[in-house]
Amino acid sequence: MVDQNRKIGFIGAGKMGSALMQGIIKAEIVKPENLGAADVYEPFLNDLKAKLGINISTDNSVIASASDILILAVKPQTLGSVLENLKADITSDKLIISIAAGVPLSTYENALPAGTRVIRVMPNIAATVSEAASGIAPGKNATPEDVKTALEIFSAVGTAVQVSESIMDAVTGLSGSGPAFIFPIIEAMADGAVLEGMDRKSALTLSAQTVLGAAKMMLETGLHPGELKDMVTSPAGTTIQGVHALEEAGVRAAFMNAVIRATERSRELGKK
Ligand SMILES: NC(=O)C1=CN([C@@H]2O[C@H](COP(=O)(O)OP(=O)(O)OC[C@H]3O[C@@H](n4cnc5c(N)ncnc54)[C@H](O)[C@@H]3O)[C@@H](O)[C@H]2O)C=CC1
Ligand SMILES: O=C(O)[C@@H]1CCC=N1
């Protein structure tokens, strides 16, 4: 485990920063007094302090200088100015982890003092409920111990895998953005049942549990999704009618394209 006395700081306490902080506290990776957050928007910080009991500041330098592990959770478009202002607070004894979509490791390594240890991570919003899927790519100065630390932090809030940096945009398109591809599907399946007369609350509960159960079954059995689909589709039964409707609508191509388009956008963000 990460030494509980190490201090973790966040720059950016928005949707993803706060999701990770909740997951980190829930998993007891560090005690609340060893977790800090900086943001330009004070109400977010006050909410987090009230909810999690962490340290807060509207001054990035205060959190950066107090942290052993600094997690950058600001938008890629804001990152340039944040790095410029943080330069003076970054020393080689700190590990910098960035979750910004698209931004390559070289951007941090060039902007921060020579030798800065950087790891690029792409988590997802399910960190809030300790079910994130994260890809981790270490920079040139990160040590094996740093990789272990990052894997420990992000495994504690879900599942984390080490990947090469060249695949990080695809991680962003698949698991980083992926929850937003699945939520509308859960809603749409529930809509189908509502159209057939089911109450909305039951429809959403059954729909979400169906997605959770299908994912869990695949992860726990290790079976191929095609084989699992075959277990549900009785000959001349109900399911194959639904599968046919999805194939007619080109759902597989639509999902492939969603991942490809999100991946392309991640690449584009990295060039800015
Ligand atoms: N939302 C998501 O599901 C995921 C987001 N990410 C990445 O996480 C990062 C943050 O995204 P979100 O949390 O969605 O955005 P957000 O807009 O909710 O959060 C960004 C936060 O940064 C703060 N901020 C802006 N300028 C600042 C500055 N100069 N210093 C300190 N804080 C500043 C904002 O007030 C805001 O609270 C992005 O780089 C994104 O690519 C990665 C994985 C998933
Ligand atoms: O939409 C975005 O750019 C961020 C990165 C992955 C998920 N949300």
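In which segment does R6 lie? R6 is found in the segment before β1 (8-11), strands being DSSP runs of E with at least two residues and helices runs of H or I with at least four, numbered from the N terminus.

## Basis of the model

This is a predicted model, in which local features need pLDDT of at least 70, side-chain atom pairs count only at pLDDT 80 or more, and totals for chains, interfaces and linings use all residues. Residues are numbered from 1 along each chain as its sequence is written, while chains are lettered from A and ligands numbered from 1 in the order in which they are written.

## Surroundings of R6

Leaving aside neighbours within four places in sequence, R6 is in contact with V30, N34, D68 and I69, contact meaning C-beta atoms, placed from the backbone, within 7 Å. The C-alpha atoms of R6 and G53 are separated by 17 Å, and the two residues are 47 apart along the chain.

## Shell around ligand 1

Ligand 1 has 27 residues around it, of which G12, G14, M16, A100 and A101 come nearest (a residue is near if its C-beta atom, placed from the backbone, lies within 6 Å). The elements giving two or more residues to this shell are α1 (15-26) and α4 (76-86).

## Domains

The domain assignment, automatic or from a database, gives domain 1 (8-164) and domain 2 (178-271). Their C-alpha centres lie 31 Å apart. Eight residues from domain 1 and seven residues from domain 2 form the contact.

Methods. Two residues are in contact if their C-beta atoms, placed from the backbone, lie within 7 Å.
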